[in-house]
Amino acid sequence: MSTLEARNISVTKTGRSILQQVTLCAHRSELLFVVGPNGSGKSTLLRALCGLWPVAHGQVLLDGSPVENLHRRLLATRVGYVPQNTWIDFAFSVREIVAMGRYPHRGRFAPETGADRKAIGEAIQQCDLSHLVERPVHTLSGGERQRVAIARSLAVEPDFLLLDEPTASLDIEHALQIFQLCRQLASAGRGVVLATHDLNLALRYADRIALLRDGELVKLGSPGEVLVPDVLEEVFRVKTEPVTTPCGVTVLAFQPLRRLL
Amino acid sequence: MVARRLPAGWYYGVSLPAFALALVAAVAIGSTPLAWSVVLQCAAKLLLPQGWVDTSQVTKADEVIFWMIRFPRVIVAALVGAGLATAGAIMQAIFRNPLAEPGLTGAGAGAVLGAVVAFVMGWSTQAPSSLPACAMAGSLLALAVVYFMATRGGVTPMASLLLAGIATTSLLSAISSLLLSLNIVNWQIAQEIVFWMMGGLDARSWTHVWLCGPFVLFGGLVALLYSPELDLLQQGEEVAASLGVNVEKTKRIFILTAAVLTGASVAVAGMVGFVGLVAPHAVRLLLGPSNRTLLPASALCGALFLVLCDLMARTAHPPVELRLGVITSLAGGPLFIALLLRRHQEASRA
């Protein structure tokens with residue numbers, strides 16, 4: 001069974017400590033959410049996990065071997081990453097963008113192979129972009145662009161997919177689409193790690209949740225273990241009340257601890 | 001709305017014959033016109049084995065004008081146009097901005113200053129090839145200064161590179177202007193400097209072809225070789241890195257390539273504006289932004305544009321030759337505004 005593991009990692013950036021001794025392990029077929037207040041180190045954790053950011057202490061391990069020993073192209077074929085801002089002001093078509101995901105697999109002058117075309121086609125289909133393949137990407141809506149960015153990472157055919165706040169600027173319909181897509185990807189056998197601020201959607205879709213505060217892992221476990229009022233009050237400084245709707249969905253209602261004057 | 005693009009075959013089907021026609025016209029037209037048949041016969045003699053072409057109509061004088069004066073000049077124009085257009089395409093991709101131009105990292109202003117120094121010190125009269133050499137050295141030195149100013153711990157943020165480039169460009173331009181004003185009483189030097197700053201291809205010879213050609217060819221090939229990485233950098237550095245691109249190394253390759261292309265072009269032609277901005281921009285609108293297609297196509301477009309501009313500079317106002325940089329900006333400015341207006345129209349339709 002494939003694993004992507006952070007073992008006791010610390011990350012510093014310009015002398016400031018961003019992550020301290022974080023240990024967690026992502027598995028395939030699992031949807032792992034990373035939550036925490038602003039500046040808690042969610043994005044840094046994802047970047048460290050895909051080898052984009054060097055760790056000061058500890059190790060990131062893919063199937064037990066340190067990622068810094070893997071060639072960057074080989075690592076890229078195993079771990080995909082979708083950064084937060086993927087805006088671009090050039091008229092690349094959706095298919096061209098998705099096809100770029102094949103870069104780590106392709107030789108410099110190799111033409112597109114059957115395997116390339118199959119991976120690109122599947123990525124486009126999974127992200128529901130078939131009707132948009134010829135569209136220039138800068139004419140798409142935010143939700144569509146996010147799906148294009150995810151499709152590009154899927155075209156890599158990675159074992160693990162890391163997404164940094166993929167729904168940050170999306171309306172609720174498109175946000176739900178993205179979460180459902182991630183759920184499907186996990187069910188299809190990939191390991192998905194996703195940073196988000198939306199605790200209600202985390203509660204609904206996550207297999208496990210990692211809760212960060214000030215660069216430290218506060219709690220790691222099932223949504224029922226992590227998103228409990230005591231913990232949320234300590235970390236986010238809000239009062240939380242779980243409410244179960246008549247159709248059986250549990251949502252968290254939040255209240256500030258103190259009223260602003 | 002789908003991406004409406006011209007098939008690359010159509011583009012070359014039109015622009016290659018147009019380029020050939022422009023070459024013939026640029027060689028034929030001038031203060032001493034050559035007959036088109038003479039030009040074609042000289043060209044055929046150049047390309048085909050000896051004895052295949054009947055060149056009895058071609059006089060010795062015709063041959064000198066063709067071979068020693070017009071033809072090398074036209075080739076230099078094409079090389080400069082191709083070099084600047086390729087450098088512009090690279091800059092627009094790595095800065096992720098369709099309005100970037102070749103001189104953004106200080107290479108253009110450095111090359112001009114290098115040449116100005118060669119004029120002022122009198123090197124250019126002692127050894128003519130010291131002029132392009134100084135220009136090339138100036139462009140690489142300027143890039144080195146900008147690069148080291150913008151780099152911390154092996155990482156070069158593009159925003160820092162841009163700021164350092166703009167600051168260095170204005171500093172170097174100011175020094176060029178200072179040297180010009182200090183030498184304004186020596187009209188001969190001052191005139192050469194002013195002409196250099198306005199660009200021009202008067203009296204360019206085969207020496208200039210050999211001075212600039214290898215750099216342009218080499219730079220163009222390097223850019224083409226790394227075009228998949230250029231596409232990825234254009235998506236953003238994090239995206240490129242996550243797909244396995246060595247981002248800092250690739251950026252260094254492209255910044256250096258663009259500076260060599262710019263330096264080699266300015267070294268033989270002086271400051272020629274707008275080609276590097278307009279050619280890649282126009283070709284991108286026609287063929288799309290994918291760099292494997294875009295780089296060679298904008299090189300051809302830049303070459304065609306500059307051959308035509310140089311023809312106009314030579315012939316528009318005889319007997320005075322207009323400066324090439326003036327013509328490129330006069331032609332390129334309105335062209336660029338037209339492209340922008342088209343873009344606005346498309347944006348409002350989408």
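**Inside the cavities**

Mentor: Helix H5 (residues 142-155) of chain A gives the largest share of the lining of the largest cavity, four residues. Helices are DSSP runs of H or I with at least four residues, strands runs of E with at least two, both numbered from the N terminus. This is a predicted model, so local features need pLDDT of at least 70 and side-chain atom pairs pLDDT 80 or more, while totals for chains, interfaces and linings use all residues; side-chain values use heavy atoms, without hydrogens or water. Residues are numbered from 1 along each chain as written, with chains lettered from A and ligands numbered from 1 in the order written.

A cavity is a set of points on a 1 Å grid over the protein atoms alone where a 1.4 Å probe fits but cannot get out, and lining residues have an atom within 4 Å of a point. The structure holds two cavities of 30 Å³ or more. The largest contains about 60 Å³ of space, a volume being the space filled by probe spheres on points joined across faces, edges and corners. Around this largest cavity you will find Thr86(A), Ile88(A), Ile97(A), Val137(A), Arg145(A), Val148(A), Ala149(A) and Arg152(A), along with Gln235(B) from the other chain. By class, five of its lining residues are nonpolar, two polar and two charged (Ala, Val, Leu, Ile, Met, Phe, Trp, Tyr, Cys and Pro are nonpolar; Asp, Glu, Lys and Arg charged; the others, Gly among them, polar).

Now turn to the second largest cavity, with about 40 Å³ of space. Its lining consists of Ala119(A), Glu122(A), Ala123(A), Gln126(A), Leu154(A), Glu157(A) and Arg190(A). Helix H4 (residues 114-126) of chain A contributes the most, four residues. Three of the lining residues are nonpolar, one is polar and three are charged.

Beyond its neighbours within four places in sequence, Val98(A) is in contact (heavy atoms within 4.5 Å) with Ile120(A), Ala123(A), Ile124(A), Val148(A), Ala151(A), Arg152(A) and Ala155(A).

For comparison, look at the open spaces. A pocket is an open set of points with protein on both sides within 12 Å along at least five of seven lines. The largest holds about 1,300 Å³, and of its 41 lining residues, Leu52(A), Trp53(A), Pro54(A), Ala241(B) and Val247(B) are the closest to its centre. Helix H11 of chain B supplies the largest share of that lining, four residues. Chain A elements giving at least two residues each include strand E1 (3-13) and helix H1 (42-49). The lining has 24 nonpolar, eight polar and nine charged residues.

The second largest pocket has about 650 Å³ of space. Nearest its centre, among 25 lining residues, are Glu96(A), Ala99(A), Arg106(A), Asp231(B) and Ser290(B). At least two lining residues each come from helix H3 (94-99) of chain A and from helix H10 (227-234) and helix H14 (291-315) of chain B. H10(B) gives the largest share, four residues. Here nine lining residues are nonpolar, five polar and 11 charged.
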